[in-house]
Amino acid sequence: MAYATYQDLERRHPNELVLVAADETTRLVDPARVDAALDDASLEIRSILAARWSKADLERVDADGAEVLRVYCCDMALYRAALSSSRLTDAMRERYLAAIKRLEAMAAGKGGLSFLGVGGAAGDGVPAPLSPGDVLIDVPPRVFSRRAFGGPS
């Protein structure tokens, strides 16, 4: 599952896409090269965020969270495509490093993503899944309490 598509990358960086993903003989953008870069960037994103969220959690990212990941994926994919074509610019490198830095900060808990089904019920009386950051506590009942010693509750 890629976090961005060819159309997303073309919409965000049309000139740079042609520069780094064009076939050397036809001078047309090679869709296979772009798809490979997008898949690699998505895999890298998942591997960084795995420090905090599971794959199932990342599949529940809502529209806002998906848009954030789309931006980072486009910047990272462009960098990866540029590496394979030896046409890397400083601007591409800086965007890639900024995306990595932000993703690592998210994985460390300094920032986050929003998820579907968090807060409230999912519908039909079924509770929504908890946020990936929620803490679950399962403890035995209190042994020493006011009630056990005859005090007010």
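Analyst: Helices (H or I, at least four residues) and strands (E, at least two) are DSSP runs, numbered from the N terminus. This is a predicted model, in which local features need pLDDT of at least 70, side-chain atom pairs count only at pLDDT 80 or more, and totals for chains, interfaces and linings use all residues. Residues are numbered from 1 along each chain as its sequence is written, and side-chain values use heavy atoms, with hydrogens and water left out.

User: What is found at the start of helix 5, and what just after it?

Analyst: At the start, a side-chain oxygen of D62 comes to within 3.2 Å of the backbone nitrogen of D64. Just after the helix, S86 has a positive phi of about 60°.

User: Why is the pair of Y79 and Y96 called stacked?

Analyst: Rings of Phe, Tyr and Trp (its six-membered ring) pair if their centres lie within 6.5 Å; planes under 30 degrees apart count as stacked, over 60 as edge-to-face and the rest as tilted. The structure holds 2 aromatic pairs. In one of them, W53 and F115 have centres 5.7 Å apart and planes at 55°, so this pair is tilted. W53 is in the loop between helix 3 (31–49) and helix 4 (55–59), and F115 in the loop between helix 6 (90–107) and strand 1 (121–123). For Y79 and Y96 the centres are 3.8 Å apart and the planes are at 10°, so the pair is stacked. Y79 lies in helix 5 and Y96 in helix 6, 17 residues apart.

User: What makes W53 count as buried or exposed?

Analyst: Buried means under 20% relative accessible area, exposed over 50%, and partly exposed in between (1.4 Å probe, protein chains only). W53 has 4% relative accessibility, so W53 counts as buried. F115 at 8% is buried, as are Y79 at 15% and Y96 at 10%.

User: How do you know whether F144 is buried or exposed?

Analyst: The relative accessible area of F144 is 60%, so F144 is exposed. F144 sits in the segment after strand 2 (126–127).

Notes. Polar contact = N/O pair within 3.5 Å; in protein donor to acceptor, adjacent residues only side chain to side chain.
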